[in-house]
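User: I would like to learn how to read a protein model feature by feature. Please give me the general idea each time, then the case at hand.

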Amino acid sequence: WLLGGGENEEAVAIIEAALQSHPDDAHFHFLHGVGKISDPRATGTAITAFERALQLEPDMERARLEIGRLEERRRRYGLAARAYREEVALSSSASEPHRTLGLLMERVGRFDEASEHYRRSVTLDQAQADLVLRRAVIAYQVDGHPQQARGLLRRILAGEYGEISSAEHQE
């Protein structure tokens, strides 16, 4: 609750004290990383905390995704992609790793791979109209497939993929 309420310094101090008593608790390492995320000067510390959490609990999906996000913030896209790909391989039934990897691939211009991860993410969680819209844009602007783009847009308008929020319309 302290982390969510913006009391990071106090929360980090409490977590660091807990780590002294419980150095092998993956959740405390994860929380330590979360507490450091908002400080750009502590990105390395946050990554180290998430890596330690993964050493102790290799199935901790959130830690791997946070490492990817932090590496993206550092513009270390290869390391970010590696973290996301590891999570995709480990979490075959989760949509978020595909979504996150797709967004990164689009950002670095790997549109075919982005579109494929968007497709997989939507297959796992239908309520992602924003990803279908991104696939339609890639199909139209990059791949030159206007019919495919129109088909995807029709399905969005028919409500097959949930609603697109106003923030997504502005992207």
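User: What share of the contacts in the protein with a separation of 6 or more comes from residues 24 or more positions apart?

Analyst: The idea is to sort contacts by how far apart the two residues sit along the chain. In this predicted model, residues 24 or more positions apart account for 44% of the contacts with a separation of 6 or more.

User: How much of the protein is buried?

Analyst: Burial is judged by relative accessible area, and buried means under 20%. Of the 171 residues in the protein, 40% are buried.

User: How do I read the way H3 and helix H4 cross?

Analyst: Take the distance between the axes, then the angle, then the residues that touch. The axes of H3 and helix H4 (residues 61-73) come within 9 Å and cross at roughly 155 degrees. Angles over 145 degrees count as roughly antiparallel, so H3 is roughly antiparallel to H4. The crossing in which H3 passes H4 is left-handed. On the H3 side the contact is made by Thr43, Ala46, Ile47, Phe50, Glu51 and Leu54. On the H4 side it is made by Ala63, Arg64, Glu66, Ile67, Leu70, Glu71 and Arg73. Sorted by class, the contact of H3 with H4 has seven nonpolar, one polar and five charged residues.

User: Is Ile47 buried or exposed, and what does Ile47 touch?

Analyst: For a single residue, place it in its element, check its accessibility, then list its contacts. Ile47 is found in helix H3. Because its relative accessibility is 5%, Ile47 counts as buried. Leaving out residues up to four places away in sequence, Ile47 touches Ile67, Leu70, Glu71 and Arg74. Sequence distance and spatial distance can also be set side by side. Ile47 and Glu66 are 19 residues apart in sequence, while their C-alpha atoms are 7.9 Å apart.

User: How many aromatic pairs does a search of the whole structure find?

Analyst: For an aromatic pair, read the distance between the ring centres and the angle between the planes. The search of the whole structure finds one aromatic pair. The ring centres of Phe30 and Phe50 are 5.4 Å apart and the planes stand at 55 degrees, so the pair is tilted. This pair links distant parts of the chain, with Phe30 in helix H2 (residues 26-37) and Phe50 in helix H3 (residues 43-56), 20 residues apart. Phe30 and Phe50 are both buried.

User: At what angle do helix H8 and helix H9 pack?

Analyst: The steps are those of any helix pair. Helix H8 (residues 129-142) and helix H9 (residues 146-157) pack at about 160 degrees, and their axes are 7 Å apart. That angle makes H8 roughly antiparallel to H9. H8 passes H9 in a left-handed crossing. The H8 residues that meet H9 include Ala129, Val132, Leu133 and Tyr140, and among those they meet in H9 are Pro146, Leu152 and Ile156. By class, the contact of H8 with H9 has eleven nonpolar, one polar and one charged residues.

User: Why is Arg75 worth a look when reading phi?

Analyst: Arg75 is not a glycine, yet it has a positive phi of about 65 degrees. Arg75 lies in the loop between H4 and H5. With a relative accessible area of 61%, Arg75 is exposed.

User: Where is Ser91 found, and is Ser91 buried or exposed?

Analyst: A loop residue is read like a helix residue. Ser91 is found in the loop between helix H5 (77-90) and helix H6 (96-107). Its relative accessible area is 13%, so Ser91 is buried. Apart from its neighbours within four places in sequence, Ser91 is in contact with Glu61 and Pro97.

User: Which class of accessibility does Gly159 fall into?

Analyst: Read the percentage, then the position. Gly159 counts as partly exposed at 45% relative accessibility. Gly159 is found in the loop between H9 and helix H10 (166-169). Gly159 and Ala129 are 30 residues apart along the chain, and their C-alpha atoms are separated by 8.4 Å.

Key: Residues are numbered from 1 along each chain as its sequence is written. This is a predicted model: local features need pLDDT of at least 70, side-chain atom pairs count only at pLDDT 80 or more; totals for chains, interfaces and linings use all residues. Side-chain values use heavy atoms; hydrogens and water are left out. Rings of Phe, Tyr and Trp (its six-membered ring) pair if their centres lie within 6.5 Å; planes under 30 degrees apart count as stacked, over 60 as edge-to-face and the rest as tilted. Helices (H or I, at least four residues) and strands (E, at least two) are DSSP runs, numbered from the N terminus. Buried means under 20% relative accessible area, exposed over 50%, partly exposed in between (1.4 Å probe, protein chains only). Contact means heavy atoms within 4.5 Å. Axes are lines fitted to C-alpha atoms, for helices over the stretch in contact, and angles run from 0 to 180 degrees between N-to-C directions. Angles under 35 degrees count as roughly parallel, over 145 as roughly antiparallel, 65 to 115 as roughly perpendicular and the rest as oblique. A crossing is left-handed if the near helix is turned anticlockwise from the far one by less than a right angle, and right-handed if clockwise. Ala, Val, Leu, Ile, Met, Phe, Trp, Tyr, Cys and Pro count as nonpolar, Asp, Glu, Lys and Arg as charged, and the others, Gly among them, as polar.
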